[in-house]
Amino acid sequence: MMKSRAKRISLKPYVGPAGGWGSARSVGNILARENVLASGSLLLTRHNKVDGFQCVGCAWVKPAQPLPFEFCENGAKTVAWEITNHRCGPDFFAEHTVTDLLDWDDYHLEQPGRLTHPLRYDLESDRYRPVSWGAALDEIARELRASRARDPKRAVFYSSGRCSNEASYLYALFARLYGNNNLPDSSNLCHETTSVALPESIGQPVGSVSLADWGHTDCILFFGQNPGSNSPRMLHPLQEASERGVPIITYNPLRERGLERFTNPQSPTEILTGHETRISSQYHQVKTGGDLAALTGICKAVLELGALDHGFIAEHTHGFTAFAEWLRGQDWAELERRAGLPRIALEATAAVYARSQATIAVYGMGLTQHRAGVDTVQMLANLLLLRGNMGRSGAGICPVRGHSNVQGQRTMGVTEKPDLVPLDRLKRQYGFEPPREAGFTSVEACEAILAGTVDCFIELGGNFVRAVPDRGRVEPAWRRLRLTVNAITKLNRTALVPGEISYILPVLGRIETDRQATGIQSLSMEDTTGCAHGSRGMRRPASAHLISEIRLVAELGKRVLEPNPRVPWDAWCDDYRLIREAISKTYPETFFDYDRRMWEPGGFQRPLPACKREWHTKTGKANFITPNGLDEDRDMPEDGPDVLRMMTLRSNDQFNTTVFGYDDRFRGIKGTRDVLLMNRLDIDRLGLADGAMVRIETVADDGVRRELPGLRVVDYDLPVGCVGAYYPEANVLLPLWHYAVGSMTPAAKSIPVRVHRMDGDTARTRHGRPQMSLHP
Ligand SMILES: Nc1nc2c(c(=O)[nH]1)N[C@H]1C(S)=C(S)[C@@H](COP(=O)(O)OP(=O)(O)OC[C@H]3O[C@@H](n4cnc5c(=O)[nH]c(N)nc54)[C@H](O)[C@@H]3O)O[C@H]1N2
Ligand SMILES: Nc1nc2c(c(=O)[nH]1)N[C@H]1C(S)=C(S)[C@@H](COP(=O)(O)OP(=O)(O)OC[C@H]3O[C@@H](n4cnc5c(=O)[nH]c(N)nc54)[C@H](O)[C@@H]3O)O[C@H]1N2
Ligand SMILES: [Mo]
C-alpha cells in the first residue's frame, strides 16, 4: 500500500511572526503525537543545560547562562522524535515487504517509531528479519575483512553529524587502522565549502564569532541562512540586538519570517500582548547564486566610500592591492544583472556597514550550496577584512553549522582530508602507519559507487541515499554494493535500498542513558562556535537491544582488525573517560583536562587563532582572495528564457530527511510538500496558473533525463527567474557533478530547470519512486 500525504491542503500567506503562540502550540502537538507529553515536557527542562543533554537538533551555541527553557520549537520536535513511545520492531517488518515500503514517503517511514532490533535483509521474502547482534557483527566483520584483503580502499565509513566526539574519534581511528581515509560525512553536503574557504582566508576552518560577540556587535549581515526554522534559538540574540537598534541586513531570495519579525515564545507577556520585534532593517531579495555579485558590489561601494581600515589591512592582510584593482574593474551593470538587485541596494548596505565598528556576518546553505560557493564565502570574508572585522570584539564571520555535532566530528578526525588530521601523533600513539592518501568526499563516494569500486558502505547515522544528489542514478548503483550497514535510530529510505547483504543496526540516541561496565556514561559535542560541552542521557533506552555507537565501532574493531594492545576497544567501551584521555593525547592543545572542562558552563572553546589575529595561512596573513570570475554555474548550459534556477528548501516541519509533518507554517503552506514556489511573472510568462500541476526537468547536457512530476505551482514572493521546491524530494533533479568548485558541496541551491504543465491523469503526486530514466 502506498503511503504518502493525505491531508487538506491550504496555501495562504502566513501573517504571524516567527516564534510566538504558533511555536508553543506546535511543540505541544508533537509531544502529544509521540505520546510523551508529560515525560517530554520534563525532559525539555534539562535540554542544553550543564549536567543535562545537548540538543539533538542544530549546532547553535549552548550558552553558559541558559534560558529557563533553552530549546526551540524545532529542537523540541527533534527531541520528541527521538524519545517517542512508538516502536518499529520485528512485527512491523514481518507485515511489510521492503518493496512495499519503497512507496512510503519520508514522513510515513519514520512514523512507526524507534527501531528496536538488529535486522538482516532476506532477499527471498523481501523482508528485514531479526538477527542476533553476534551473528550480525560477525558477518559484517567477515565482509569488511574480505574487502580489505582485496583493497582497503573499497570500504566507505560515512556518518551524519550527530555522533558524539567520543564515537567519532573511535570511528575515525577504526577507518584509519582499517587502511583508508574514506570518512565522508554530512558536512560534505553542507558546510564543506566553509572548511575549504575559511582556512585560505583566515587560517581556520570554523567561524570566529562567539556568543559574547553578539552582545557587542553594531551591525549584522545575514546571507542565506534561515534561523526561524533551522536555528531558532539564534532569534533570541537577534531580537536582543534588534532592540538595541543594531541594523540587521538580510540577503535572501525569500522573505523568511524569522528574519522579518519575532515574538519570544517563552515570554508569556510577549505572546499575550502581541509584542513583535522587527528583525531585518534592510531585506534584499537577491537572485539565487547572485551573492557573489552582490558581495562584490558591496565591497566595491565600500572601496568607493574610502571606508577602509588601513592599519588593519597593512598589518594583517595580504592581497589587498590586487583585490582592490579587480573591484575597480567590475562593471556595475553586470553586478546588478547577476545579483538581481539595483546598485542602490548594494550601496545602501555598504553605507550602513561603513559606519559600523563591529560587524558580524552570518551565513548558511544559501552561500555554501552553490557552484561558486567557495568564492562567495571568501568574498564575504573579504568584505569583513576591508574594515578589520576579524579578531575584534563584536565582529567576525559566523557560519551556522547544521547537525548538532557536525563540527565536533571534523575536529575528531572524521574527514577524508588527511591534512586536517595529526597523523603523526596517531602513528606514535597507536603504533601503526596511517594511510596518507585522501579519501572520498560524499560526492566522490557516490562516483565510486557508480563506478563499482566500492564493496562495503557503513553508515553511522544519516540517510545517505536520500540526502545525496542524483537519486535516480545512485539508488540503482547502491543495490549493487556487496554490504550496506545502516546504524540508525529510525527507518529511512537508505535502509530500503539493500545491497547484496544489508543490515539495520539500531543504536542508542544521545538522550538515552548509556550504561556500561563502569556505570552510566557521558558524552561530548562541539557547537558551531567551537565550544565543547558534556552531555548526559537521561531517558530509558527505547529497547533493551540497542547498543551505543561506541560499542558498535569497538565490536567491529575487535572483529575486523588485528589485535593491538595500544587500542583497548573493551576498556574504552567500559569507561568513556578513557576515550577522552586518548583524545587529549592526540589533541593536547585543545582537549587537555577534557573530562573536567566539558562540564564548565558554556563549555570550553577550542583555540581560534583568527580571534587573536593570528593567521595560520600560507602567507601568515589574512588573505583577500580575488575570484576568477563571477559566473555562478560554469558547468551548466547557458540559460534560455524558459530556464529557471531552482533552490531546494527546508520546511519548518522537517529536520533534513526527517519529515515531521506537511506544514511549513512560516511560508503559509499546509498539508503538502509537493509544491513549486514561483514568481507571479514567471507563472504568467510560461502560461501556467497558480495551483497548476507541473513536471520539472533539469537542464543539463549529459544525456541523463532528470524529472520530478506532480508539483503544484504556488504564487510566491521570490525573484523572477528563481523557483523553490523541497529537499529531499527534489534531489532527483540535482546532477551529481553540479557541486561547489573546491569543496564538492552539491550545488543544491541552484539547479537550472524547465517547468512543464501536466494535464489530468498524469498529474498525480508520486513520492517514493524517483521519476527518472536514462537515455540509451
Ligand atoms: N528545523 C530544522 N533545523 C535544521 C535543519 C532542518 O532541516 N530543519 N537542518 C540542519 C542542517 S544539517 C543544516 S546544514 C542547517 C541548514 O540551515 P540553513 O543554512 O538555514 O539552510 P537552508 O534552509 O537549506 O537554506 C537557507 C536559506 O538560504 C536561502 N537561499 C537559497 N538560495 C540562496 C542564495 O542563492 N542566496 C542567498 N543569500 N540565500 C539563499 C533560502 O531561502 C533559505 O532561507 O540547519 C540545521 N537545522
Ligand atoms: N537538495 C538538497 N540536498 C541536501 C541538502 C539541501 O539543502 N538540499 N542539505 C544537505 C545537508 S546540509 C545535510 S547535513 C544532509 C543530511 O544528510 P544526513 O545527515 O545523512 O541525513 P539526516 O536526514 O540528517 O539523517 C536522518 C537519519 O539519521 C538517523 N539518526 C537520527 N538520530 C540518530 C542518532 O543519534 N544516531 C544514529 N546512528 N542515527 C541517527 C535516523 O535513522 C534518521 O532517519 O543532506 C544534504 N542534502
Ligand atoms: Mo547540514
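This is a predicted model: local features need pLDDT of at least 70, side-chain atom pairs count only at pLDDT 80 or more; totals for chains, interfaces and linings use all residues.
Residues are numbered from 1 along each chain as its sequence is written, and chains are lettered from A and ligands numbered from 1 in the order in which they are written. Local features need pLDDT of at least 70, side-chain atom pairs count only at pLDDT 80 or more, and totals for chains, interfaces and linings use all residues; side-chain values use heavy atoms, with hydrogens and water left out.

The domain assignment, with bounds from an automatic or database source, gives domain 1 (15–83), domain 2 (87–190 + 405–606), domain 3 (192–402) and domain 4 (644–774). The centres of domain 3 and domain 4, taken over C-alpha atoms, lie 27 Å apart. Their contact (heavy atoms within 4.5 Å) takes 24 residues from domain 3 and 26 residues from domain 4.

The buried area, meaning the accessible area (1.4 Å probe) that two parts lose on being put together, summed over both, is about 2,000 Å² for domain 3 and domain 4, with 57% of it on carbon and sulfur atoms. Of the area that domain 3 buries against domain 4, 32% is supplied by L254, Q369 and R371, more than by any other three residues.

One salt bridge (a side-chain nitrogen of Lys or Arg within 4 Å of a carboxyl oxygen of Asp or Glu) is counted between domain 3 and domain 4. A salt bridge joins the side chains of E256 and R667, at 2.8 Å from N to O. By class, the side of domain 3 that touches domain 4 has six nonpolar (Ala, Val, Leu, Ile, Met, Phe, Trp, Tyr, Cys and Pro), six charged (Asp, Glu, Lys and Arg) and 12 polar residues (the others, Gly among them).
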